[in-house]
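Work through the exercises below with the model open. Try each task before reading its solution.

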Amino acid sequence: MLSGVQTRQAPGQRIRGQLVDDSAVVRGLTRRWLTGLDDIEIVAVSVDGAQGVADAATHRPDVIILDVEMPRMDGLEALPHLRRAAPKAKILMASTLTHKGARTTIQALSLGASDYLPKPEANQIGGAEAYRDSLIDKIRIIGSPDLARAPALPAKPLQPLAPRPVAGKAPITAQPTNHAPGQPGLRPLPLTRMQPEAIVVASSTGGPQALQAVLPALCKSTQLPILVVQHMPPTFTEILADHLNDVCAHTVCEAKHGQPVLAGHTYIAPGGYHMTVKRQAGRPIIELNQDPQVNFCRPAADVLFKGAADVWGGSLAAVVLTGMGSDGCKGVGAILEKGGRSFIQDQESSVVWGMPGSVFNAGFAHSVHPLGEVAPAVEKFLRGGR
């Protein structure tokens with residue numbers, strides 16, 4: 001089996017793909033990989049951005065695989081023209097793992113590309129096969145509305161536990177809130193909560209765009225430290241941190257081992273490393289490791305969330321944004337066990353509702369919000385609201 005993601009397309013409803021790449025080798029391999037699949041068809045193969053725009057207007061594909069570096073018109077220059085030529089198409093950026101390629105990809109994501117796919121290095125063993133499988137998975141996820149919007153399988157909810165007060169901090173009391181009917185995944189708010197000391201955030205597919213929408217507003221309204229896991233490879237996380245640092249009031253950086261967790265700072269987990277938090281001499285510090293992948297990810301949100309729960313207890317706000325899979329779900333459960341609060345992005349505004357959907361279906365979500373309302377909901381909670 002080529003791909004780990006099973007399509008739910010109805011018979012005869014195939015995802016229409018377009019490839020835009022100046023490399024004849026890449027075009028040949030990609031055509032070979034995708035030809036013959038029951039649920040994907042290639043409707044156009046374009047040698048550069050200019051031809052890609054013309055082909056997109058003619059064929060109106062569902063997914064465009066767009067190379068970043070091309071002559072005549074590169075991927076970044078072609079992106080806005082492609083979005084006008086085929087406004088319903090999802091654009092998947094294919095980029096080298098170089099500093100330049102990562103920077104261009106992050107910029108493309110901020111301009112409306114749906115996802116990205118790092119190209120393997122020439123000497124990478126098994127790189128072509130891994131790239132092929134990831135390519136097929138991503139086409140199926142972003143190209144099929146059914147798969148992109150489908151919630152994860154339900155999980156058994158944790159039994160609610162009483163919040164544990166943090167030494168020296170009195171719990172804040174509030175009246176219970178009644179949730180609207182028809183939302184069985186929402187967990188009732190606890191009667192008590194701890195004064196927040198940190199915010200943890202998880203995201204994956206569609207995450208760079210979501211973080212750009214959420215983090216600037218949060219950083220403007222609070223000095224609490226924010227710790228973020230975004231599933232990305234090395235180099236990409238460094239560039240993402242630099243990009244967010246330009247638009248956030250916090251100092252945003254790629255986290256380093258042993259770095260103290262400070263107010264007014266946002267820390268991005270580096271690609272290839274798990275990020276967690278420990279107490280050293282009474283203060284929280286960043287700890288990085290290369291332990292085995294968790295949920296097929298490194299960094300993994302579950303690792304960060306569980307470590308943060310050990311350090312801050314219930315004095316945490318957990319935010320889960322768009323992403324494929326279920327990473328972060330168990331970590332949110334650990335935070336809720338200690339009295340923390342959870343916020344998730346809603347299904348309609350998510351590129352993929354896997355990660356937030358798994359939290360919802362596990363009964364770990366206190367509230368669900370469209371992307372533009374996530375930051376205001378967290379801000380209200382930080383001000384003492386419900």
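**Exercise 1. How many of the seven residues of β13 are buried?**

Solution. Start with the ground rules. This is a predicted model, in which local features need pLDDT of at least 70, side-chain atom pairs count only at pLDDT 80 or more, and totals for chains, interfaces and linings use all residues. Residues are numbered from 1 along each chain as its sequence is written, and side-chain values use heavy atoms, with hydrogens and water left out.

Step 1. Buried means under 20% relative accessible area, exposed over 50%, and partly exposed in between, with a 1.4 Å probe and protein chains only. Helices (H or I, at least four residues) and strands (E, at least two) are DSSP runs, numbered from the N terminus.

Step 2. Count. Five of the seven residues of β13 are buried, so the strand is largely enclosed by the rest of the structure.

Step 3. Find the partner. β12 and β13 run antiparallel and are joined by seven bridges. Two strands pair if DSSP finds at least two bridges between them. V277 stands opposite I286 in β13.

Step 4. Check the turn. The hairpin of β12 and β13 has two residues between the strands, and A281 there takes a positive phi near 55°.

**Exercise 2. Work out the strand order of the open seven-stranded sheet, then explain its edges.**

Solution. Step 1. Read the order: β10-β11-β9-β8-β14-β15-β16, with parallel pairing.

Step 1. Look at the ends. β10 (251-254) and β16 (367-369) each have a single partner strand, so one side of each is left without a neighbour in the sheet.

Step 2. From one strand to the next it averages 20°. Axes are lines fitted to C-alpha atoms, for helices over the stretch in contact, and angles run from 0 to 180 degrees between N-to-C directions.

Step 3. Zoom in on one pair. β15 (residues 341-345) and β16 pair in the parallel sense over three bridges. F343 stands opposite S367 in β16.

**Exercise 3. Describe helix α9 and its packing against α10.**

Solution. Step 1. Check the length. α9 (residues 301-312) has 12 residues and reaches 16 Å from its first C-alpha to its last, close to the 16 Å expected at 1.5 Å a residue. The expected span is 1.5 Å times one less than the number of residues.

Step 1. Check burial. Nine of the 12 residues of α9 are buried. Among them are L304, F305, V311 and W312. The cover includes β8, β9 (226-230), β12 (274-280), β13 (283-289), β14 and α10.

Step 2. Get the angle. The axes of α9 and α10 come within 7 Å and cross at roughly 10°. The two helices are therefore roughly parallel to each other. Angles under 35 degrees count as roughly parallel, over 145 as roughly antiparallel, 65 to 115 as roughly perpendicular and the rest as oblique.

Step 3. List the contact. D302, F305, K306 and A309 of α9 meet C329, K330, G331, V332, A334 and I335 of α10. By class, that contact has six nonpolar, one polar and three charged residues. Ala, Val, Leu, Ile, Met, Phe, Trp, Tyr, Cys and Pro count as nonpolar; Asp, Glu, Lys and Arg as charged; and the others, Gly among them, as polar.

Step 4. Look past the end. Just after α9, G313 takes a positive phi of about 60°.

**Exercise 4. Which residues make the contact of α2 with α3?**

Solution. Step 1. The axes of α2 (residues 49-59) and α3 (residues 75-85) come within 8 Å and cross at roughly 10°. α2 and α3 are therefore roughly parallel to each other.

Step 1. G49, G52, V53, A56 and A57 in α2 meet A78, H81, L82 and A85 in α3.

Step 2. These divide into six nonpolar, three polar and no charged.

Definitions and conventions. Contact = heavy atoms within 4.5 Å.
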